Amino acid sequence: MKNKKLVMIPGPTPVLRSIQDQMGRETVAFKDPDFVNDFKSVVKDLKELWKTSGEVFVIAGSGTLGMEMAVCNTVQKGDSILIISHGYFGDRFTELCERKGLDIDVISSEWGKVVPVEDIKAKLESKNYKAVTVTHVDTATGVMADIEAIGDVVKDFEDTMFIVDGVCATAAAKEYVDEMHIDILLTGTQKAFGVAPGLTMLWASEKAMARRESLGMIPEYYADFNKWLPIMHDPMKYFGTPAVNLIWALQESIRIIKEEGIDNRYDRHEKNANAMQKAVEALGFSILAEKGYRAVSLSNCLYPEGINDAEFRQVLADEGIVVAGGLGPYAGKLFRLGHMGNIDTHDMVSVIATIERALYKVGYPVKFGTGVGVLLENLM
Ligand code: PMP
């Protein structure tokens with residue numbers, strides 16, 4: 001008999017039955033009064049939980065649409081933008097901004113390391129940047145940026161919008177929009193919210209909304225804040241058909257977040273990440289991200305000598321756990337393990353026990369229980 005399959009890639013993450021049920025509901029008219037109220041409550045809750053006096057947008061599209069919206073609503077052709085890149089998804093901002101004719105400067109770290117905050121400060125002092133982008137957790141490297149410390153620096157540059165990509169962090173790692181001086185936070189539903197892929201969410205500070213106003217007409221249509229703002233204030237209005245069932249699914253995810261308590265959720269992610277990372281280290285893997293900057297949402301686990309990536313991940317999948325391969329320079333050298341969203345202790349114990357079985361099956365020396373023991377010691 002085959003084992004159940006658990007998808008532990010860094011998104012989409014496992015979707016709880018109660019969230020799936022919302023996607024299976026009979027779709028109603030988007031002007032249905034009950035749905036309109038549900039949509040309103042989603043926007044209100046997102047605003048309150050992430051603490052902003054600004055605006056919230058919930059739009060059909062993946063996280064990349066959120067990146068595009070963040071940029072096109074705050075800067076225009078010819079403006080200077082600073083991109084802080086800790087890997088593949090940081091670099092995506094460069095590609096995106098090149099298309100828009102922006103004057104781009106990039107500071108990149110070596111994969112696994114972070115750009116020092118002092119370097120960001122020095123760069124901001126050197127030129128009038130209209131925006132700076134930072135990826136909170138770069139999914140390719142498993143590095144987590146210190147958003148609070150960077151926000152503390154950016155706040156002194158009045159003309160600079162602080163754009164944070166939270167696709168692999170939001171609802172797992174602390175992000176308080178106004179307190180952290182974030183001007184645009186963007187994310188997607190498929191990671192720490194534990195909803196299927198398909199929605200992007202953005203939080204825009206009052207400062208970001210004032211910038212949008214100052215830009216006048218922008219070339220983008222679907223991505224324009226001004227087109228969506230009336231709908232976010234009153235979902236009875238129409239611009240583009242809302243993804244009714246995904247909004248219900250997001251509402252259920254938010255209900256779960258509120259029930260847990262958002263700060264408890266942040267603490268849980270931190271504790272789980274620490275336990276998972278120590279467990280895989282005990283089995284001979286090492287973590288790519290440097291200590292102090294390790295993501296709470298996923299771990300990028302470098303193979304010990306003698307393990308073939310393709311074979312290991314195939315055996316692991318046959319045993320019931322699906323993980324993702326490495327990207328760019330780390331393809332074949334590591335696997336990426338998601339541990340965010342609505343996963344529980346059962347899931348984590350299964351994951352580590354399955355990694356032990358897979359190691360055994362590919363002929364790597366393993367004493368059964370080593371990883372599970374370390375996991376439990378750190379969880380209990
Ligand atoms: N940013 C980060 C940090 C991501 O991890 C991802 C997706 N893995 C994206 C942006 C792009 O999101 P999407 O695939 O939903 O477009």
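This is a predicted model: local features need pLDDT of at least 70, side-chain atom pairs count only at pLDDT 80 or more; totals for chains, interfaces and linings use all residues.
**How the chain is divided**

- The protein chain splits into domain 1, made of 6–13 + 261–379, and domain 2, which covers 17–260.
- Between the C-alpha centres of domain 1 and domain 2 the distance is 28 Å.
- To the contact, domain 1 brings 30 residues and domain 2 brings 34 residues.

**What the domain interface looks like**

- Together, domain 1 and domain 2 bury about 2,700 Å² between them, and 57% of that area is on carbon and sulfur atoms.
- Two salt bridges are found across the interface of domain 1 and domain 2.
- If you count residue pairs in polar contact between domain 1 and domain 2, with both residues at pLDDT 80 or more, you get 19.
- On the side of domain 1 that touches domain 2, helix 10 (262–282) and strand 12 (298–302) each supply at least two residues.
- Helix 10 gives the most to that side of domain 1, with seven residues.
- By residue class, the side of domain 1 that touches domain 2 has 14 nonpolar, 10 polar and six charged residues.

**Around the ligand**

- There are 13 residues around the ligand, and those that come nearest are Ser62, Thr64, Thr139, Asp165 and Gln190.
- For Thr139, an N or O atom in the side chain is 2.3 Å from an oxygen atom of the ligand.
- Gly63 takes part through its backbone: one of its backbone N or O atoms lies 2.8 Å from a ligand oxygen atom.
- On the nitrogen side of things, the side chain of Lys191 has an N or O atom 3.0 Å from a nitrogen atom of the ligand.

**Salt bridges in the whole structure**

- Searching the whole structure turns up 22 salt bridges.
- One of the salt bridges pairs Asp45 with Lys258, and their closest N and O atoms are 3.0 Å apart.
- Asp45 sits in helix 2 (residues 33–49) and Lys258 in helix 9 (residues 244–260), so this pair ties together parts that are 213 residues apart in sequence.

**Backbone details to look up in the model**

- Gly11 and Pro12 are joined by a cis peptide bond, with omega at about 0 degrees.
- You will find Pro12 in the loop between strand 1 (6–7) and helix 1 (17–23).
- Ala171 has a phi near 80 degrees, which is a positive value in a residue other than glycine.
- Ala171 belongs to the loop that runs between strand 8 (161–165) and strand 9 (184–188).

Note on methods:
Residues are numbered from 1 along each chain as its sequence is written. Side-chain values use heavy atoms; hydrogens and water are left out. Domain bounds come from an automatic or database domain assignment. Contact means heavy atoms within 4.5 Å. Buried area is the accessible area (1.4 Å probe) that two parts lose on being put together, summed over both. A salt bridge is a side-chain nitrogen of Lys or Arg within 4 Å of a carboxyl oxygen of Asp or Glu. A polar contact is a pair of N or O atoms within 3.5 Å; within protein, one must be able to donate a hydrogen and the other to accept it, and residues adjacent in sequence count only if both atoms are side-chain atoms. Helices (H or I, at least four residues) and strands (E, at least two) are DSSP runs, numbered from the N terminus. Ala, Val, Leu, Ile, Met, Phe, Trp, Tyr, Cys and Pro count as nonpolar, Asp, Glu, Lys and Arg as charged, and the others, Gly among them, as polar. A residue is near a molecule or strand if one of its heavy atoms lies within 4 Å of it.
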